[in-house]
Amino acid sequence: MTLFRKNLIDGEWVGEPGSRNINPSNTGDVVGEYASAGAEQARQAIAAAKAAFAAWSRSGPLARHAVLRKASDEITARKDEIGRSLAREEGKTLAEGIGETVRAAQIFDFFAGEALRLSGELVPSVRPGVGVEVTREAVGVVGIVTPWNFPIAIPAWKIAPALAHGNTIVFKPAELVPESAWTIVDILHRAGLPKGVLNLVMGKGSVVGQAMLDSPDLNAITFTGSVGTGKRVAAASVEHMRKFQLEMGGKNPLVVLDDADLAVAVDCALNGAFFSTGQRCTASSRLVVTDAIHDRFVEALKDRMGKLVVGDALDAKTQIGPVVDDSQLKQDEDYIALGRKEGADLAFGGERLDRETPGFYLQPALFTGASNTMRISREEIFGPVASVIRVKDYDEALAVANDTPFGLTSGICTSSLKHATHFKRNSEAGMVMVNLPTAGVDFHVPFGGRKGSSFGPREQGRYAAEFYTTVKTAYTFAG
């Protein structure tokens, strides 16, 4: 029997079957059927969150801590089960699915602690006899819209701080990964959240997402996804004077200098460009390599790519899983064809692969002879496709790295302290890696970028308070 998951609105599971969740490693495998909310259900969820806000925002820190800690504990205890389900619906490898699940548990644990660390300031006034208190309060009803590529970690790093700081939530996950979203909501619901505090509205972005954008009762919205949709979120939010936070695309450079440790550089490129099937905004899609190491780097990287095992996400031997769905696979193939048309050399891969089960398998692709003006070097492909751009020296490498409309993350492989220090200071990105892959960040420190990659306060860590709270300054005259 196919499982059926409902939406959670005002503490009740509601809805009729509306969509099917397909395993990208085996298109004959149906993960489950899921309710698809309409605009009216979205409005009901917003109303429920609004009604629940007063009590939840004034609840004690121990109540919030208890819910978040219970969620963390259950996710940890079920990490293998949840990680396997995540890999089955999204297509990342079993190891990556379990790793992401553990990260979600760590995020909930961190913000359970933050709920007990809420603080303010008591400062003297410039006027005699007056006291000043500076405190943070919950923003209100927060809309959360998440993508399919990290189906449990990204919801966790939005939901956990929202709850820790006393907000109520309307959560709309990506249609491709409803099981992970449903699981995290179910866990939180059973952990003791009062009705209406967390509402799940699975459904189409054009319907549910639009109803959220149109609502004057949504006080803030946090969105991770495409640049185009992010701009729509921004425009609609300005119309309602609501707070908004956007995490969008990336075209991240990994600079490899002549003095780099070749093995380290190849490891960084392989991991950053192709793991998670390249489907992450932090992927190293531009490999900016200086002359003297270029040929050795390319040959070593091709050799490693040839040994990658591409297959079913649930097979423990698999290192690269399938692309998430047919439309994403076609987009990847279109960009590979475009790269060849633009004059880049397809040095490795780029072919569809057949496996025992029907799925969206693509051999990771590497272009050489690319320039930074090509579309494959300017636009986010969001697949296992990387381009090598040859440069003469560090100065040109830095200029090429910064010549992008995006600014999420960047990396450099070098043994030079001088160049590493200069790059950290002068790279136009929100996150910089030295001798590390551009993908792979810690949960307790800020996440976010510049330019077309991000807008608004940073996510994760203590910096999350900037978005999920508003500051109040109170004055008291003692008489």
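Select arginine 69 to start: at 37% relative accessibility this residue counts as partly exposed, a class that lies between buried (under 20% relative accessible area) and exposed (over 50%), computed with a 1.4 Å probe on protein chains only. The model is predicted, so local features need pLDDT of at least 70 and side-chain atom pairs count only at pLDDT 80 or more, while totals for chains, interfaces and linings use all residues. Residues are numbered from 1 along each chain as its sequence is written, and side-chain values use heavy atoms, without hydrogens and water.

Arginine 69 lies in helix H2 and aspartate 109 in helix H4, so the pair ties together parts that are 40 residues apart in sequence. Aspartate 109 is partly exposed too, at 36% relative accessibility.

Now show residues 61–77, helix H2. Its 17 residues reach 24 Å from the first C-alpha to the last, close to the 24 Å expected at 1.5 Å a residue; the expected span is 1.5 Å times one less than the number of residues. Helices are DSSP runs of H or I with at least four residues, strands are runs of E with at least two, and both are numbered from the N terminus. Colour the buried residues of H2: Arg64, Val67, Leu68, Ala71, Ser72, Glu74 and Ile75. Their cover includes helix H1 (39–57), helix H3 (79–90) and helix H6 (178–190), with contact meaning heavy atoms within 4.5 Å.

Move on to aspartate 326 and arginine 352, whose side chains meet in a salt bridge (3.8 Å, N to O). Aspartate 326 lies in helix H11 (residues 326–342) and arginine 352 in the loop between strand S15 (345–348) and strand S16 (365–370), so the pair ties together parts that are 26 residues apart in sequence. Arginine 352 is partly exposed, with a relative accessible area of 45%.

Last, select aspartate 403 and arginine 378, which form a salt bridge with the closest N and O atoms 3.4 Å apart. Aspartate 403 lies in the loop between helix H13 (394–402) and strand S18 (406–407), and arginine 378 in helix H12 (residues 375–378), so the pair ties together parts that are 25 residues apart in sequence.

Terms used. Salt bridge = Lys/Arg side-chain N within 4 Å of Asp/Glu carboxyl O.
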